[in-house]
Amino acid sequence: MSEGRGLRAGVAHAARVLNPDQRLAALGALGIVASMFLPWWRNPYPPELSYWAVNRFTFIELALVLVASSVLAMLYGRAHGRGFHLPLSDGTLLAGAGIWSCVLVLVRIADPPRRGGTDYGLRWGFVVALLSGAVLAYAGIRARRRHRAGQDEAAAADQDATEATLRMG
């Protein structure tokens, strides 16, 4: 019971101390995970049924969940003063994660599941995943431009780690 309360308090603390770009990135990552539980495909037999992304869980859906959870883990660590050093700045990593998520969603749209030679019809859940990936990429680009304009990636990454450590100090 106390573990749940500790996690809730940790998430509430993270929501308070993250800067607006990081909060926007967290919302994008949460949107990607939430989209897994929305209808992505219409079943051809009977057509009123829908399949969520988790119903047809393949490598692409796994990759989307891993990208989103990695972003959330990085942001949670930064909010709690973890000064881990990454090869790129946080903004560049967030932008790359968002762009990669969009690519994965587009690949899933281009390769729909099949049943007996009949394609499943698209539903609206993939739109949420695509928009969430775009929000994540936008937050990363905005963070990179606003905080590290013209700075070398290695120096920007070190500065991100230092700022996270000082935030808790």
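Predicted model: local features only at pLDDT ≥ 70, side-chain atom pairs only at ≥ 80, totals over all residues.
Residues are numbered from 1 along each chain as its sequence is written, and side-chain values use heavy atoms, with hydrogens and water left out.

**View 1. Overall arrangement of the protein.** The protein contains six helices and five strands (DSSP runs numbered from the N terminus: H or I of at least four residues for helices, E of at least two for strands). Their order along the sequence is α-α-β-β-α-α-β-β-β-α-α. Of the 169 residues, 41% are buried, meaning under 20% relative accessible area with a 1.4 Å probe and protein chains only.

**View 2. Helix 3 against helix 4.** The two axes come within 9 Å and cross at roughly 160 degrees; axes are lines fitted to C-alpha atoms over the stretch in contact, and angles run from 0 to 180 degrees between N-to-C directions. The crossing is left-handed, that is, the near helix is turned anticlockwise from the far one by less than a right angle. In contact (heavy atoms within 4.5 Å) are residues of helix 3 including I60, L64, V67 and V71, and residues of helix 4 including L94, A97, S101 and L104. By class, this contact has 13 nonpolar, one polar and four charged residues; Ala, Val, Leu, Ile, Met, Phe, Trp, Tyr, Cys and Pro count as nonpolar, Asp, Glu, Lys and Arg as charged, and the others, Gly among them, as polar.

**View 3. Helix 2 against helix 3.** Helix 2 (residues 20–35) packs on helix 3 (residues 59–79) at an angle of about 150 degrees, with the axes 9 Å apart. Helix 2 is therefore roughly antiparallel to helix 3. Helix 2 contributes Q22, A25, A26, A29, L30, I32 and V33 to the contact, and helix 3 contributes L64, A68, V71, L72, L75 and R78. This contact has 11 nonpolar, one polar and one charged residues.

**View 4. Helix 3 and the residue after it.** Buried residues of helix 3 include E61, A68, M74 and G77. Helix 3 is followed by G81, whose phi is positive, near 80 degrees.

**View 5. Helix 4 and its buried residues.** Among the buried residues of helix 4 are D90, G91, G98, C102 and R108.

Conventions:
Parallel < 35°, antiparallel > 145°, perpendicular 65-115°, else oblique. Buried < 20%, exposed > 50% of the residue type's maximum accessible area, 1.4 Å probe, protein only.
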